[in-house]
Amino acid sequence: MWGSLLAARGGGTWECAQLCPIMCLACQVTVWFLLGQTQDCGCALPAGFQDVHTMVFVGFGFLMTFLQRYGFSAVGFNFLLAAFGIQWALLLQGWLHHFEGGYILLGIENLINADFCVASVCVAFGAVLGKVSPVQLLIMTFFQVTLFTVNEFILLNLLEVKDAGGSMTIHTFGAYFGLTVTWILYRRNLEQSKRKQSSAYHSDLFSMIGTLFLWIFWPSFNSAMSYHGDAQHRAALNTYCSLAASVLTSVAMSSALNKKGKLDMVHIQNATLAGGVGVGTAAEMMLMPYGSLIVGSICGFFSTLGFVYIMPFLESRLRIQDTCGIHNLHGIPGIIGGIVGAVTAVYAKPDIYGDPGIVHSLDFHHFKAWSTTKTQGEFQAYGLLLTLAMAFGGGIILGLILRLPFWGQAADDNCFEDAVYWEMHEEKSTVYLPEDPTLKPPAPSVPLSPSVPAAHLSSSEPLGHSVPLAPLVSSTSLIP
Amino acid sequence: MWGSLLAARGGGTWECAQLCPIMCLACQVTVWFLLGQTQDCGCALPAGFQDVHTMVFVGFGFLMTFLQRYGFSAVGFNFLLAAFGIQWALLLQGWLHHFEGGYILLGIENLINADFCVASVCVAFGAVLGKVSPVQLLIMTFFQVTLFTVNEFILLNLLEVKDAGGSMTIHTFGAYFGLTVTWILYRRNLEQSKRKQSSAYHSDLFSMIGTLFLWIFWPSFNSAMSYHGDAQHRAALNTYCSLAASVLTSVAMSSALNKKGKLDMVHIQNATLAGGVGVGTAAEMMLMPYGSLIVGSICGFFSTLGFVYIMPFLESRLRIQDTCGIHNLHGIPGIIGGIVGAVTAVYAKPDIYGDPGIVHSLDFHHFKAWSTTKTQGEFQAYGLLLTLAMAFGGGIILGLILRLPFWGQAADDNCFEDAVYWEMHEEKSTVYLPEDPTLKPPAPSVPLSPSVPAAHLSSSEPLGHSVPLAPLVSSTSLIP
Amino acid sequence: MWGSLLAARGGGTWECAQLCPIMCLACQVTVWFLLGQTQDCGCALPAGFQDVHTMVFVGFGFLMTFLQRYGFSAVGFNFLLAAFGIQWALLLQGWLHHFEGGYILLGIENLINADFCVASVCVAFGAVLGKVSPVQLLIMTFFQVTLFTVNEFILLNLLEVKDAGGSMTIHTFGAYFGLTVTWILYRRNLEQSKRKQSSAYHSDLFSMIGTLFLWIFWPSFNSAMSYHGDAQHRAALNTYCSLAASVLTSVAMSSALNKKGKLDMVHIQNATLAGGVGVGTAAEMMLMPYGSLIVGSICGFFSTLGFVYIMPFLESRLRIQDTCGIHNLHGIPGIIGGIVGAVTAVYAKPDIYGDPGIVHSLDFHHFKAWSTTKTQGEFQAYGLLLTLAMAFGGGIILGLILRLPFWGQAADDNCFEDAVYWEMHEEKSTVYLPEDPTLKPPAPSVPLSPSVPAAHLSSSEPLGHSVPLAPLVSSTSLIP
């Protein structure tokens, strides 16, 4: 069966079509064999697991459906890469942190960690959205999850940096990794797909589903891995305040930067979330609601500014084609978050935390028993720099791998187009006509099939005149 | 930068465009300064916080997307006003209830309370949807949150009224406040926007997302602030039963009141939720599942009746233009809920609750130590009347403020239109044409831009030939 | 009022329109009277109640919105039948399991059980989607909930079979019940509605909302009724692994079975969930993550295969018209799940569970105190066979009842069409025209109504008259 199918497929739109099933199965089988030594441990179910899960699959998935003809791929490929990513992350993180007696001990905590790891891949997906094939995405997931795990291990376990909500490990890493990849994969003639790169009315509403679920559950995201009790509570509250502030600032900036004072949906979909990224590192520290509001406002401000001024600059000068604008939503706010974390650590005062509080919340145990808040701040800064270095380095290597010509990439004039990777059913079906008698043709004697519409308008015409109608009417049947 | 932007904006669609960013920033900065004295307290995370949050942002946001060209504003402005409202509510309620030693103590419980407060603003937003600018909404939020806090303080702390799910404080208050505002803001020539005030096929489906999330999480809403344990459990169960009953009754009424027995999507979107509003006050009392079913059925009955008979009457005779029909979803069921609460309190019998149960569940402490169930019932009724008075009075004052001509309102023929406040990307882009080679123009020598299409259907053609276009074009208007 | 309304309704599209409200009210009143003896008990709130609730109302509701013109009915009728089903299930299961001292004791656990029961009806709804009236659905719900309760009672209480996630009781039963009903209701001329049976671009995206929420919360579904602690934790983890594996396998198969290697949205929407069905029975057993991955992969494999090869065969040869393909999503994986459960029970070894672990997790109490794992495996197999028998028998009886001609079924050429049961607002409204001054007719003197557009393009007209078409066609590009 398989052999004949592969043969039959020659000359399709997607040149290396057989790669996708092979790749998916290869990924799955790898995980099969490796997960052989797994056992589940009876850890308690932490609240917020489902919240983070919702963010990764519904939040990121629908956030990227804003393109008018790339909704299937946005939500479908995000589903695919996340489903593979969580399995691979479970394995890697299991070997690193939960390997006992020849078995990986799996608990719900590991599932949250895997979701975090995949969130970083979803961020990077935003940069290359519409320009890569599912095969490339699976390779990227494999590579990025591995690098993420290494980077996180160095930061959290070796440098003992604090990063509760992952401003550095998830957002900064994901963003600059994705940006480097898309920089390497630069497409000179992408403007051939420019008209498909815009949004449509309803696709923007689908995208808002993603935005709102991300916004709502972000407090759970930033607090999911905190010590339970006080720190978790603080993380949720700080994130909540920061997010609320970034909404107002984003709306203000979006209107202020528009010639007619109008709002731009792209800013509302993205910059409103910047506050959640910005307090990620410092969320469980004593940032206080006041500090969170200021951080959220700053992030909303720079994120919107990024969409208006920095993103076009990146594309035209630095050749970085960032489809979703992840530099504005995850890159800038992630770096702000890392800096805020370092500063908050430095200024952690015993009169607010209490001396044991500082030791506890900054983890001054083991080799860091001699630490001061100042050294902790320095380590936070080193962590941020290391993350950037890893992202650049890794992104370049992966980008070069993905540039190989046999991964089934779409052509430059076929980017941002679902039909390359998806069987479009409505192309087969005819246009749906509602049953309104008043609109029916009075004399249906001319046998015109609806699928070959106006192009056949009368014999006396030169074909050329009716031509513009044909694509228009066919677009009617496709766009909805 | 700002100066030149403001200057460049003269003569735009939205006359006072510079107001929006100024207003948003002003709101944010106010909260900044005032939240300076805030501290978070280590209260436990009550379950259901995220549920209420989801209702306010996804539920109310998407419920209002039913208008064919007002989806961006519905979900976007709801996002904006909720994000400002929760901050302002945190402040006000903090000063009133949680101010200790110069600091406002913030806990997750405050966040739920803030969401409740904002829910009341979302209700009122439904009445003025499509007719006010974001600037007006921010003013309304500021004003209504303040009034809500005062009214709630009087009811819950002075009159010691029970109102677990906020039938009175949230729904009745929000509905009659919003209706009064829209009555003051009456637009004589609104029928100029009538064609935009209808729904489209997919916008109704987006709206159902809102309905379902509201429906699912309403048990959490009504039980979120109850005493934990028995009362909370009772509140969730009663709300669940009431909601289920109102679905069946709404469907029955919707079909019965239609000439052809067809269902109306508006009723399914709204009246099915009336049961949740109706048991709000009595939810944690011993209403019993049986009582809840009856209350839910009554609410579903009157809510659907309201859409068919009362709403057109309000608009034509009383000049109340209620876009979402909040009078039917929140007004009538809210009053029913208040009455049910009073009656349930009066008939609270020691043989069901037990004597300590009554004292505990009706809070007969402090100055009410002498109370009987009858006096409690009277207080409930006074609470309802006071709420109505506050809503009318406050609504008139705010309405007069909002009638001032410089808030950037849309003209009468431009209501229910996103393009007034939002940059519409697709207007810039050309029509998307799918890549179907069979439809491609064989000879693209005639330079026709796709946006001026059928107009070139040359003059020499007989009438019959253009007929097939009619159903095609009508399908254009239906499919979206 | 009612009398005149019923009279006025003669000759409508929906012949027995008066049946719907009567039916709905009858259902509601029945529940009223019977719920009289209900009391709520103070059980603890199990986590995951809201998750299962979300799956039934948002998950199944939106999963079925994929048809281009049946979204209102998919989500609306699912809402209706679920709201009635949970009430009826509460009653039946209350009488059977929680009847004490003349009262049904209601707790949140009962609500979860009711949601489970309704999930089985939602599954069966998928088979008859688009071909039955709401009246028929209410009858089906009444009948199926009753039969489900009987079947579940026999399996769980008499045979003491384990079925934590309901592979047998929910999915296999629901699927084969629904398939039998649709087999009895076979419509010979259904191809007259064929063009309406396809999906549209945005309707497929709505359907993905359902898929993702089902996918995310399936671990809660399979673990909601498990013993708390270890077994619940195991159930969540196994389901998570199985689901992840079925995503990759489904994508691989979907691409492999397509001539051009393209993905099919139907497979992504459905087959990715097969893993959750497949581990339902064995979820809380010691299946281990490794076993779950394999089960998930097998389910994804056969589910996709089912869509491509088995479903067309069922329709053409066996006359089973399965609208949503529930045989592939619930039927095949359900049977696989039942078999996996039996095998896992047989191979439950004391060296993994520990002797008390086996007795505890397989419930070897009461009459089964003498049981071995082998006899438990046999009972599991008997349970599966009994479920299939009940589904076939019950489906035939119900199918014959539903074939009676007075339930308001749509005609063969009017299936999959919302307009039969729903008042369509947009048919009244005219096409929306965006306010773009450059597109406005320069001389609007010719009174052309926008709803009769191109038909008037007469031959003798100068070019200026055809201008009104421009905004119409441009609306094509805008509305979607």
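# Helix packing, one pair at a time

Me: At what angle do helix H6 (residues 134-158) and helix H16 (residues 373-402) of chain A pack?
Reply: Both are helices (DSSP runs of H or I, at least four residues, numbered from the N terminus). The axes of H6(A) and H16(A), lines fitted to C-alpha atoms over the stretch in contact, are 10 Å apart. Between their N-to-C directions, on a scale from 0 to 180 degrees, the angle is about 160°.

Me: What kind of model is this?
Reply: Residues are numbered from 1 along each chain as its sequence is written, chains are lettered from A and ligands numbered from 1 in the order in which they are written. Local features need pLDDT of at least 70, side-chain atom pairs count only at pLDDT 80 or more, and totals for chains, interfaces and linings use all residues; this is a predicted model.

Me: Are H6(A) and H16(A) roughly parallel or roughly antiparallel?
Reply: Their angle is about 160°. Angles under 35 degrees count as roughly parallel, over 145 as roughly antiparallel, 65 to 115 as roughly perpendicular and the rest as oblique. H6(A) and H16(A) are therefore roughly antiparallel.

Me: How many charged residues take part in the contact of H6(A) with H16(A)?
Reply: Residues of H6(A), including Phe143(A) and Leu147(A), meet residues of H16(A), including Met390(A) and Gly394(A); contact needs C-beta atoms, placed from the backbone, within 7 Å. Asp, Glu, Lys and Arg count as charged, Ala, Val, Leu, Ile, Met, Phe, Trp, Tyr, Cys and Pro as nonpolar, and the others, Gly among them, as polar. The contact of H6(A) with H16(A) has eleven nonpolar and five polar residues, and the number of charged ones is no charged.

Me: What share of chain A counts as buried?
Reply: Chain A has 18 helices and four strands. Among its contacts with a separation of 6 or more, 82% join residues 24 or more positions apart. A residue is buried with 20 or more other C-beta atoms within 10 Å of its own, exposed with 12 or fewer, and partly exposed in between. Of the 480 residues of chain A, the buried share is 65%.

Me: In chain C, how do H7(C) and H13(C) lie to each other: perpendicular or oblique?
Reply: The axes of helix H7 (residues 167-184) and helix H13 (residues 326-346) of chain C come within 8 Å and cross at roughly 140°. That angle makes H7(C) and H13(C) oblique.

Me: How many polar residues are in the contact of H7(C) with H13(C)?
Reply: Gly174(C) and Gly178(C) are among the H7(C) residues that meet H13(C), where Gly334(C) and Gly338(C) are among the partners. The contact of H7(C) with H13(C) has no charged residues and seven nonpolar ones, and its polar count is twelve.

Me: Is Phe379(B) buried or exposed?
Reply: Phe379(B) lies in helix H16 (residues 373-402) of chain B. Beyond its neighbours within four places in sequence, Phe379(B) is in contact with Leu159(B), Glu160(B) and Val161(B). Leu159(B) is 220 residues away in sequence, yet 6.4 Å away from C-alpha to C-alpha. Because Phe379(B) has 21 C-beta neighbours inside 10 Å, it counts as buried.

Me: How does Gly399(C) count?
Reply: Gly399(C) sits in helix H16 (residues 373-402) of chain C. Residues up to four places away aside, Gly399(C) touches Thr180(C), Val181(C), Ile184(C) and Leu185(C). With 19 C-beta neighbours inside 10 Å, Gly399(C) counts as partly exposed.

Me: How many residues of H9(C) are buried?
Reply: The end C-alpha atoms of helix H9 (residues 230-256) of chain C are 39 Å apart, which agrees with the 39 Å that its 27 residues should span. H9(C) is mostly covered, and its buried residues number 26 of 27.

Methods: Helices (H or I, at least four residues) and strands (E, at least two) are DSSP runs, numbered from the N terminus. The expected span of a helix is 1.5 Å times one less than its number of residues. Two residues are in contact if their C-beta atoms, placed from the backbone, lie within 7 Å.
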